[in-house]
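Visitor: I'd like to go through this one label by label. Could you show me the structure and tell me what each label rests on?

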Amino acid sequence: MNYTTIQGIDSLQEWVNEAIAIKKNPLQNKALGENKTLGMLFFNPSLRTRLSTQKAALNLGMNVMVMNFTNEGWTLEFEDGAIMDQGASEHIKEAAQVVSQYCDIIAIRAFAELKDKEKDNAETVLSGFLKYATVPIVNMESATGHPLQALADAITMEEHKTVHRPKVVLSWAPHPKALPQAVANSFVQMMQLQDADFVITHPEGYELNPEITKDSKIEYDQNKAFENADFIYTKNWSNYKEYGKVTNTDPNWTVTAEKMKLTNTAKFMHCLPVRRNVIVADEVIDSANSIVIEQANNRTYAAQLVLQKILKDGK
(Lines give C-alpha, C1' and ligand atoms only; values in the text may rest on other atoms or scores of the structure.)
Protein backbone atom coordinates (compact mmCIF):
# COMPACT_ATOMS: atom_id res chain seq x y z
CA MET A 1 0.00 0.00 0.00
CA ASN A 2 1.30 3.43 -0.97
CA TYR A 3 -0.12 6.81 0.04
CA THR A 4 0.65 9.27 -2.73
CA THR A 5 -2.64 11.09 -3.38
CA ILE A 6 -5.77 11.99 -1.43
CA GLN A 7 -7.71 10.25 -4.19
CA GLY A 8 -6.27 6.95 -2.99
CA ILE A 9 -8.59 7.05 0.03
CA ASP A 10 -11.49 4.62 -0.30
CA SER A 11 -13.74 6.45 2.20
CA LEU A 12 -12.63 9.88 3.39
CA GLN A 13 -15.23 10.01 6.17
CA GLU A 14 -14.08 6.66 7.55
CA TRP A 15 -10.45 7.73 7.45
CA VAL A 16 -11.27 11.00 9.22
CA ASN A 17 -13.19 9.15 11.93
CA GLU A 18 -10.29 6.74 12.41
CA ALA A 19 -7.81 9.62 12.70
CA ILE A 20 -9.96 11.33 15.35
CA ALA A 21 -10.05 8.05 17.29
CA ILE A 22 -6.24 7.83 17.08
CA LYS A 23 -6.01 11.39 18.39
CA LYS A 24 -7.87 10.37 21.56
CA ASN A 25 -5.34 7.60 22.28
CA PRO A 26 -2.26 8.04 20.08
CA LEU A 27 -0.21 5.31 21.76
CA GLN A 28 -2.82 2.54 21.51
CA ASN A 29 -0.97 0.86 18.62
CA LYS A 30 2.60 1.42 19.80
CA ALA A 31 3.45 -2.25 19.32
CA LEU A 32 2.39 -2.18 15.66
CA GLY A 33 5.60 -0.56 14.44
CA GLU A 34 8.00 -2.41 16.72
CA ASN A 35 11.21 -3.31 14.86
CA LYS A 36 9.98 -1.39 11.81
CA THR A 37 11.82 1.60 10.32
CA LEU A 38 10.50 4.70 8.57
CA GLY A 39 12.97 6.37 6.23
CA MET A 40 12.21 10.04 5.61
CA LEU A 41 13.91 11.56 2.56
CA PHE A 42 13.80 15.33 2.15
CA PHE A 43 14.66 17.01 -1.11
CA ASN A 44 13.16 20.27 0.26
CA PRO A 45 12.81 21.97 3.66
CA SER A 46 10.18 21.00 6.20
CA LEU A 47 8.98 21.81 9.69
CA ARG A 48 5.44 20.46 10.29
CA THR A 49 5.70 17.60 7.82
CA ARG A 50 8.98 16.34 9.22
CA LEU A 51 8.15 16.63 12.90
CA SER A 52 4.55 15.44 12.67
CA THR A 53 5.42 12.41 10.54
CA GLN A 54 8.33 11.54 12.79
CA LYS A 55 6.09 11.89 15.88
CA ALA A 56 3.46 9.70 14.21
CA ALA A 57 6.04 6.97 13.57
CA LEU A 58 7.28 7.14 17.17
CA ASN A 59 3.69 6.88 18.42
CA LEU A 60 3.51 3.60 16.50
CA GLY A 61 6.78 2.33 17.98
CA MET A 62 8.77 2.72 14.76
CA ASN A 63 12.40 3.64 14.38
CA VAL A 64 12.98 6.71 12.21
CA MET A 65 15.84 7.65 9.91
CA VAL A 66 15.98 11.08 8.27
CA MET A 67 18.11 12.18 5.33
CA ASN A 68 18.24 15.60 3.72
CA PHE A 69 19.24 15.30 0.08
CA THR A 70 19.72 19.07 -0.08
CA ASN A 71 23.06 18.78 1.70
CA GLU A 72 23.65 15.17 2.75
CA GLY A 73 22.96 12.80 -0.12
CA TRP A 74 24.41 12.24 -3.55
CA THR A 75 22.69 14.08 -6.37
CA LEU A 76 20.33 11.59 -8.00
CA GLU A 77 19.73 10.90 -11.68
CA PHE A 78 16.16 9.95 -12.59
CA GLU A 79 16.31 9.58 -16.37
CA ASP A 80 16.50 6.03 -17.70
CA GLY A 81 19.41 5.50 -20.05
CA ALA A 82 21.15 8.70 -18.93
CA ILE A 83 24.86 9.10 -19.61
CA MET A 84 25.91 10.22 -16.14
CA ASP A 85 28.86 12.42 -17.07
CA GLN A 86 27.46 15.59 -15.47
CA GLY A 87 26.36 16.49 -11.91
CA ALA A 88 24.37 13.42 -10.76
CA SER A 89 26.41 10.79 -8.92
CA GLU A 90 23.84 8.05 -8.28
CA HIS A 91 20.86 6.71 -10.19
CA ILE A 92 17.43 6.30 -8.65
CA LYS A 93 17.53 2.61 -9.69
CA GLU A 94 20.21 1.83 -7.12
CA ALA A 95 19.27 4.46 -4.55
CA ALA A 96 15.63 3.39 -4.20
CA GLN A 97 16.52 -0.29 -3.91
CA VAL A 98 19.28 0.38 -1.38
CA VAL A 99 17.07 2.57 0.83
CA SER A 100 14.35 -0.11 0.62
CA GLN A 101 16.74 -2.56 2.27
CA TYR A 102 17.14 -0.24 5.24
CA CYS A 103 13.51 0.82 5.68
CA ASP A 104 10.06 -0.72 5.87
CA ILE A 105 8.37 2.48 4.64
CA ILE A 106 9.89 5.37 2.70
CA ALA A 107 8.40 8.86 2.99
CA ILE A 108 9.48 11.45 0.41
CA ARG A 109 9.26 15.24 0.16
CA ALA A 110 10.16 16.76 -3.22
CA PHE A 111 8.65 20.04 -4.41
CA ALA A 112 7.96 21.22 -7.92
CA GLU A 113 10.90 23.06 -9.44
CA LEU A 114 8.42 25.36 -11.26
CA LYS A 115 10.60 25.47 -14.37
CA ASP A 116 9.23 22.65 -16.51
CA LYS A 117 5.48 21.97 -16.18
CA GLU A 118 5.69 18.63 -17.98
CA LYS A 119 8.52 17.43 -15.75
CA ASP A 120 6.76 18.52 -12.57
CA ASN A 121 3.49 16.91 -13.64
CA ALA A 122 5.41 13.70 -14.28
CA GLU A 123 6.40 13.70 -10.57
CA THR A 124 10.00 12.75 -11.39
CA VAL A 125 11.21 12.10 -7.85
CA LEU A 126 8.10 10.44 -6.44
CA SER A 127 7.59 8.36 -9.57
CA GLY A 128 11.21 7.22 -9.48
CA PHE A 129 10.86 5.85 -5.98
CA LEU A 130 7.49 4.28 -6.75
CA LYS A 131 9.06 2.53 -9.73
CA TYR A 132 12.22 1.22 -8.10
CA ALA A 133 11.60 0.98 -4.35
CA THR A 134 10.48 -2.36 -2.96
CA VAL A 135 8.65 -1.00 0.11
CA PRO A 136 5.59 1.28 0.51
CA ILE A 137 5.94 4.97 -0.34
CA VAL A 138 4.33 7.94 1.44
CA ASN A 139 4.07 11.35 -0.22
CA MET A 140 5.14 14.12 2.20
CA GLU A 141 4.49 16.70 -0.56
CA SER A 142 5.39 16.20 -4.16
CA ALA A 143 5.43 18.43 -7.22
CA THR A 144 1.65 18.33 -7.61
CA GLY A 145 0.15 17.18 -4.31
CA HIS A 146 0.28 17.20 -0.53
CA PRO A 147 -2.11 14.43 0.56
CA LEU A 148 -1.00 14.38 4.20
CA GLN A 149 -1.91 18.06 4.51
CA ALA A 150 -5.26 17.51 2.80
CA LEU A 151 -6.10 14.65 5.16
CA ALA A 152 -5.22 16.83 8.16
CA ASP A 153 -7.42 19.57 6.70
CA ALA A 154 -10.34 17.14 6.43
CA ILE A 155 -9.83 16.06 10.06
CA THR A 156 -9.77 19.70 11.21
CA MET A 157 -12.92 20.59 9.30
CA GLU A 158 -14.72 17.57 10.74
CA GLU A 159 -13.86 18.78 14.25
CA HIS A 160 -15.42 22.15 13.41
CA LYS A 161 -18.27 20.88 11.26
CA THR A 162 -21.42 22.96 10.91
CA VAL A 163 -25.01 21.81 11.43
CA HIS A 164 -25.73 22.74 7.83
CA ARG A 165 -24.05 21.87 4.54
CA PRO A 166 -20.91 24.01 4.85
CA LYS A 167 -19.61 26.53 2.38
CA VAL A 168 -15.86 26.14 1.95
CA VAL A 169 -13.71 28.64 0.08
CA LEU A 170 -10.18 28.10 -1.19
CA SER A 171 -8.76 31.58 -1.71
CA TRP A 172 -5.57 32.56 -3.49
CA ALA A 173 -3.56 35.31 -1.80
CA PRO A 174 -0.47 37.25 -2.88
CA HIS A 175 3.09 36.11 -2.18
CA PRO A 176 6.45 37.57 -3.26
CA LYS A 177 7.84 34.21 -4.39
CA ALA A 178 6.63 31.59 -6.83
CA LEU A 179 5.04 28.74 -4.89
CA PRO A 180 3.89 25.29 -6.10
CA GLN A 181 0.25 24.29 -6.58
CA ALA A 182 0.59 21.10 -4.49
CA VAL A 183 -1.32 22.13 -1.36
CA ALA A 184 -4.13 23.75 -3.34
CA ASN A 185 -4.38 20.74 -5.66
CA SER A 186 -4.79 18.25 -2.84
CA PHE A 187 -7.25 20.49 -1.00
CA VAL A 188 -9.38 20.70 -4.14
CA GLN A 189 -9.27 16.92 -4.57
CA MET A 190 -10.18 16.43 -0.92
CA MET A 191 -13.14 18.81 -1.19
CA GLN A 192 -14.39 16.93 -4.24
CA LEU A 193 -14.88 13.98 -1.87
CA GLN A 194 -16.97 16.10 0.53
CA ASP A 195 -20.62 17.12 0.61
CA ALA A 196 -20.10 20.88 0.67
CA ASP A 197 -20.61 24.08 -1.28
CA PHE A 198 -17.04 24.46 -2.49
CA VAL A 199 -15.70 27.57 -4.22
CA ILE A 200 -12.22 28.43 -5.50
CA THR A 201 -11.43 32.13 -5.77
CA HIS A 202 -8.39 33.69 -7.41
CA PRO A 203 -7.48 36.42 -9.92
CA GLU A 204 -8.21 35.63 -13.55
CA GLY A 205 -5.27 33.80 -15.07
CA TYR A 206 -4.43 31.97 -11.85
CA GLU A 207 -6.53 28.88 -12.62
CA LEU A 208 -5.11 25.62 -11.29
CA ASN A 209 -4.68 22.57 -13.50
CA PRO A 210 -8.16 22.03 -15.02
CA GLU A 211 -7.63 18.27 -14.84
CA ILE A 212 -7.64 18.71 -11.06
CA THR A 213 -10.28 21.39 -10.55
CA LYS A 214 -12.66 19.70 -13.05
CA ASP A 215 -16.12 21.15 -12.46
CA SER A 216 -15.34 22.84 -9.12
CA LYS A 217 -16.86 26.32 -8.96
CA ILE A 218 -14.47 29.21 -9.65
CA GLU A 219 -15.30 32.77 -8.59
CA TYR A 220 -13.00 35.65 -9.59
CA ASP A 221 -14.60 38.09 -7.13
CA GLN A 222 -13.09 37.26 -3.75
CA ASN A 223 -15.67 39.27 -1.80
CA LYS A 224 -18.51 37.44 -3.49
CA ALA A 225 -16.84 34.09 -2.83
CA PHE A 226 -16.48 34.91 0.87
CA GLU A 227 -20.18 35.63 1.37
CA ASN A 228 -21.68 33.26 3.97
CA ALA A 229 -18.62 31.00 3.96
CA ASP A 230 -18.04 28.66 6.91
CA PHE A 231 -14.39 27.91 6.17
CA ILE A 232 -11.81 30.12 4.45
CA TYR A 233 -8.71 28.21 3.37
CA THR A 234 -6.08 30.60 2.06
CA LYS A 235 -3.03 29.61 0.04
CA ASN A 236 -0.83 31.18 -2.59
CA TRP A 237 0.16 29.35 -5.75
CA SER A 238 2.16 30.57 -8.73
CA ASN A 239 0.67 30.92 -12.18
CA TYR A 240 -0.08 27.54 -13.77
CA LYS A 241 -0.58 28.86 -17.32
CA GLU A 242 2.56 31.04 -17.29
CA TYR A 243 4.15 28.23 -15.35
CA GLY A 244 5.92 29.12 -12.13
CA LYS A 245 5.57 32.86 -12.69
CA VAL A 246 4.38 35.52 -10.25
CA THR A 247 2.07 37.60 -12.43
CA ASN A 248 -0.04 39.14 -9.67
CA THR A 249 0.87 40.56 -6.26
CA ASP A 250 -2.32 42.55 -5.71
CA PRO A 251 -2.54 43.25 -1.94
CA ASN A 252 -6.32 43.48 -2.25
CA TRP A 253 -6.35 39.68 -2.18
CA THR A 254 -4.87 39.59 1.34
CA VAL A 255 -7.38 38.14 3.81
CA THR A 256 -8.41 40.87 6.23
CA ALA A 257 -10.89 41.22 9.07
CA GLU A 258 -13.15 43.25 6.79
CA LYS A 259 -13.32 40.40 4.31
CA MET A 260 -13.97 37.87 7.06
CA LYS A 261 -17.01 39.92 8.08
CA LEU A 262 -18.60 38.81 4.80
CA THR A 263 -18.51 35.21 5.98
CA ASN A 264 -20.68 33.19 8.32
CA THR A 265 -18.16 33.73 11.14
CA ALA A 266 -15.88 31.46 9.14
CA LYS A 267 -12.95 29.50 10.48
CA PHE A 268 -9.65 30.59 8.96
CA MET A 269 -7.31 27.87 7.69
CA HIS A 270 -3.79 27.83 6.27
CA CYS A 271 -1.23 25.03 5.97
CA LEU A 272 1.67 27.18 7.33
CA PRO A 273 4.21 28.64 7.09
CA VAL A 274 2.40 31.87 6.32
CA ARG A 275 3.62 35.37 5.51
CA ARG A 276 1.71 37.60 7.88
CA ASN A 277 0.15 40.74 6.46
CA VAL A 278 0.80 39.46 2.94
CA ILE A 279 -1.30 36.29 2.84
CA VAL A 280 -3.39 37.15 5.90
CA ALA A 281 -3.65 40.06 8.31
CA ASP A 282 -2.51 39.59 11.91
CA GLU A 283 -6.02 40.33 13.13
CA VAL A 284 -7.36 37.31 11.23
CA ILE A 285 -4.70 34.70 11.95
CA ASP A 286 -4.57 35.72 15.62
CA SER A 287 -8.35 35.70 16.00
CA ALA A 288 -10.43 33.13 17.87
CA ASN A 289 -11.67 31.80 14.52
CA SER A 290 -8.19 30.93 13.29
CA ILE A 291 -7.63 27.18 13.46
CA VAL A 292 -4.19 27.02 11.83
CA ILE A 293 -2.51 25.63 14.96
CA GLU A 294 -5.13 22.89 15.22
CA GLN A 295 -4.48 22.07 11.56
CA ALA A 296 -0.78 21.70 12.31
CA ASN A 297 -1.52 19.44 15.29
CA ASN A 298 -3.71 17.20 13.15
CA ARG A 299 -0.79 16.60 10.80
CA THR A 300 0.45 14.02 13.34
CA TYR A 301 -2.78 12.04 13.31
CA ALA A 302 -3.12 12.18 9.55
CA ALA A 303 0.39 10.76 9.18
CA GLN A 304 -0.17 8.23 11.95
CA LEU A 305 -3.33 6.93 10.29
CA VAL A 306 -1.49 6.50 6.99
CA LEU A 307 1.47 4.72 8.58
CA GLN A 308 -0.85 2.55 10.65
CA LYS A 309 -2.80 1.45 7.59
CA ILE A 310 0.41 0.62 5.72
CA LEU A 311 1.80 -1.39 8.65
CA LYS A 312 -1.46 -3.33 9.03
CA ASP A 313 -1.59 -3.89 5.27
CA GLY A 314 1.86 -5.49 5.42
CA LYS A 315 0.95 -7.98 8.12
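Visitor: What makes S7 and S10 a pair of strands?

Guide: This is a predicted model, to start with. Two strands pair if there are at least two bridges between them, and four bridges join strand S7 (residues 167-171) to strand S10 (residues 231-234), so the label holds. The two strands run parallel, and valine 168 stands opposite phenylalanine 231 in S10.

Visitor: Which sheet do they sit in, and what is its order?

Guide: An open sheet of five strands, in the order S9-S8-S7-S10-S11, with parallel pairing. From one strand to the next, the twist averages 25°.

Visitor: What makes S9 and S11 edge strands?

Guide: Strand S9 (217-219) and strand S11 (267-269) each pair on one side only.

Visitor: Why is asparagine 223 called partly exposed?

Guide: Buried means under 20% relative accessible area and exposed means over 50%. Asparagine 223 comes out at 38%, which lies in between, so it counts as partly exposed. Asparagine 223 belongs to helix H9 (residues 222-226). Beyond its neighbours within four places in sequence, asparagine 223 is in contact with Lys259 and Leu262.

Visitor: And why is serine 290 called buried?

Guide: Serine 290 has 14% relative accessibility, and the cut-off is under 20%, so it counts as buried. You'll find serine 290 in the loop between helix H11 (282-285) and H12.

Visitor: What does the side chain of serine 290 reach?

Guide: The backbone oxygen of isoleucine 285, at 2.9 Å. Leaving aside neighbours within four places in sequence, serine 290 is in contact with Phe268, Val284 and Ile285.

Visitor: Why is the pair of phenylalanine 43 and phenylalanine 69 called stacked?

Guide: Ring centres have to lie within 6.5 Å, and planes under 30 degrees apart count as stacked. Here we get 4.5 Å centre to centre and 10° between the planes, so the pair passes on both counts. The two residues are 26 residues apart: phenylalanine 43 is in the loop between strand S1 (37-42) and helix H2 (48-59), phenylalanine 69 in the loop between strand S2 (63-68) and strand S3 (76-77). With Phe129, they form one aromatic cluster.

Visitor: How do you know whether phenylalanine 43 and phenylalanine 69 are buried or exposed?

Guide: Phenylalanine 43 has a relative accessible area of 18% and phenylalanine 69 has 15%. Buried means under 20%, so both count as buried.

Visitor: Then why is the pair of tryptophan 172 and tyrosine 206 called tilted?

Guide: Under 30 degrees would be stacked and over 60 edge-to-face, with the rest tilted. The planes of tryptophan 172 and tyrosine 206 are at 55°, with the ring centres 4.8 Å apart, so the pair is tilted. This pair also links distant parts of the chain, with tryptophan 172 and tyrosine 206 lying 34 residues apart. Tryptophan 172 is buried, and so is tyrosine 206.

Visitor: Which residues have the most contacts inside the largest nonpolar core?

Guide: Leu151, Leu170, Phe187 and Met190, in a core of 58 residues. Helix H12 (residues 292-313) gives the largest share of this core, eight residues. Apart from this core lies another, of 20 residues, among them Leu76, Cys103, Tyr132 and Ile137.

Methods:
Residues numbered from 1 in each chain as written. Predicted model: local features only at pLDDT ≥ 70, side-chain atom pairs only at ≥ 80, totals over all residues. Heavy atoms only, no water. Core = buried A, V, L, I, M, F, W, Y, C linked by side-chain atoms within 4.5 Å. Buried < 20%, exposed > 50% of the residue type's maximum accessible area, 1.4 Å probe, protein only. Contact = heavy atoms within 4.5 Å. Polar contact = N/O pair within 3.5 Å; in protein donor to acceptor, adjacent residues only side chain to side chain. Axes fitted to C-alpha atoms, helices over the stretch in contact; angles between N-to-C directions. Phe/Tyr/Trp six-rings, centres within 6.5 Å; stacked < 30°, edge-to-face > 60°.
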